[in-house]
Amino acid sequence: MARDAFSAVSGRIVLLVVLLLGLAQFSSCSDDDGVDGPVDMQLWDIVTYEGPASASSGSVFSFRQVDDSPLVTLSSDVTLKEVDNGTRLMIRYIPEGGKPYVSGNIRLLSASRINQGPADKEWKDEYSQWNRDKVYLYSAWRTGSHINFHLRLTYSTEPRVFTLVLDPATADSDVPEFYLVHIMNEPTDYHDRAYFASFDIGEFWNRPGVSAVKIRVANTNLDKYIFTFCKAN
């Protein structure tokens with residue numbers, strides 16, 4: 001884990017060695033006759049930790065694959081230590097039933113905490129520099145009330161500001177707008193590292209009358225700076 005900083009305002013940035021999200025990886029073996037053997041399907045997903053499966057053991061996770069797809073609940077006999085209910089995690093797993101994105105038991109292979117927090121609705125003066133230290137965004141997507149990011153950030157051991165913040169001028173709009181704020185303590189030209197982040201916008205997304213949200217990102221990839229997520233009709 002990097003010693004970078006993250007929280008809703010500042011704290012530790014969480015580095016994942018995983019660079020692929022939601023990609024099914026298949027491995028198989030063949031005998032000398034060319035007949036394929038068993039295939040194990042490994043999945044990566046951002047999930048919410050719901051707590052132990054029983055009073056003292058196992059783990060339960062929930063997630064939506066994308067947008068408002070059905071809620072999936074996964075159960076594992078692996079017990080996670082020192083993880084609070086509601087924590088967002090990247091997990092690698094194999095569905096025991098052999099089918100992806102359906103509720104059921106899984107074989108949990110790994111679990112890592114990612115950068116997370118509720119969207120900030122209080123604008124601070126320092127946020128005016130939200131686009132000073134740009135990010136390289138691979139993807140942004142919605143799962144339920146969470147906006148998720150896969151991106152590269154400049155590595156540093158110094159604290160930084162990294163959060164999703166509501167534009168107060170749009171607080172009462174039917175399309176609230178947010179800024180992905182990234183401000184390093186001192187601008188640097190160190191190497192980049194890949195990160196995942198997940199911010200809960202439920203307080204705004206679930207408000208009656210809201211039809212969509214816009215996310216503004218100081219993005220250096222593909223010249224795309226505004227991402228719009230619309231509610232289903």
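Strand 9 and strand 12 (residues 192–200) run antiparallel and are joined by nine bridges, and in this pairing Ile147 stands opposite Phe199 in strand 12. The model described here is a predicted one. Strand 9 covers residues 146–154, and because eight of its nine residues are buried, the strand is largely enclosed by the rest of the structure. The protein as a whole contains one helix and 14 strands, and 45% of its 233 residues count as buried.

**Strand 9 and its other partner**

- Strand 8 (residues 136–143) also pairs with strand 9, in the antiparallel sense and over seven bridges, with Trp141 standing opposite Asn148 in strand 9.
- The two strands, strand 8 and strand 9, form a hairpin that leaves two residues between them, and Gly144 in the turn has a positive phi of about 65 degrees.

**Nonpolar cores**

- In soluble globular proteins, nonpolar side chains tend to be buried together.
- The largest nonpolar core here has 25 residues, of which Phe149, Leu151, Leu164, Phe178, Ile201 and Ile215 touch the most other members.
- At least two residues of this core come from each of strand 8, strand 9, strand 10 (160–166), strand 11 (177–184), strand 12, helix 1 (202–205), strand 13 (212–216) and strand 14 (226–230).
- Strand 9 supplies the largest share of this core, namely four residues.

**Aromatic pairs and a cluster**

- The structure holds nine aromatic pairs, and one of them joins Phe63 and Tyr101, whose ring centres are 6.0 Å apart and whose planes stand at 65 degrees, so that this pair is edge-to-face.
- Because Phe63 lies in strand 3 (residues 59–63) and Tyr101 in the loop between strand 5 (88–95) and strand 6 (104–113), their pair ties together parts that are 38 residues apart in sequence.
- Phe63 has a relative accessibility of 3% and therefore counts as buried.
- Tyr136 and Tyr138 also make an edge-to-face pair, because their ring centres are 5.4 Å apart and their planes stand at 70 degrees.
- In this second pair, Tyr136 counts as partly exposed at 31% relative accessibility, and Tyr138 is likewise partly exposed, with a relative accessible area of 39%.
- One aromatic cluster is formed by Trp123, Tyr127, Trp130 and Tyr179.

**Charges over rings**

- The charged end of Arg193 sits over the ring of Tyr155, at 4.2 Å from the centre of that ring.
- Lys231 lies over the face of Trp205, at a distance of 5.6 Å from the ring centre.

**The protein as a whole**

- Among the contacts between residues at least 6 apart in sequence, 62% join residues that are at least 24 apart.
- The protein exposes about 12,000 Å², and carbon and sulfur atoms supply 48% of this area.

Key
Residues are numbered from 1 along each chain as its sequence is written. This is a predicted model: local features need pLDDT of at least 70, side-chain atom pairs count only at pLDDT 80 or more; totals for chains, interfaces and linings use all residues. Side-chain values use heavy atoms; hydrogens and water are left out. Buried means under 20% relative accessible area, exposed over 50%, partly exposed in between (1.4 Å probe, protein chains only). Two strands pair if DSSP finds at least two bridges between them. Contact means heavy atoms within 4.5 Å. Accessible areas come from the Shrake-Rupley method with a 1.4 Å probe; for residues, only the protein chains shown count as cover. A nonpolar core is a set of buried Ala, Val, Leu, Ile, Met, Phe, Trp, Tyr and Cys residues joined through side-chain atoms within 4.5 Å. Rings of Phe, Tyr and Trp (its six-membered ring) pair if their centres lie within 6.5 Å; planes under 30 degrees apart count as stacked, over 60 as edge-to-face and the rest as tilted. A charge sits over a ring if NZ of Lys or CZ of Arg is within 6 Å of the ring centre and within 35 degrees of the ring normal.
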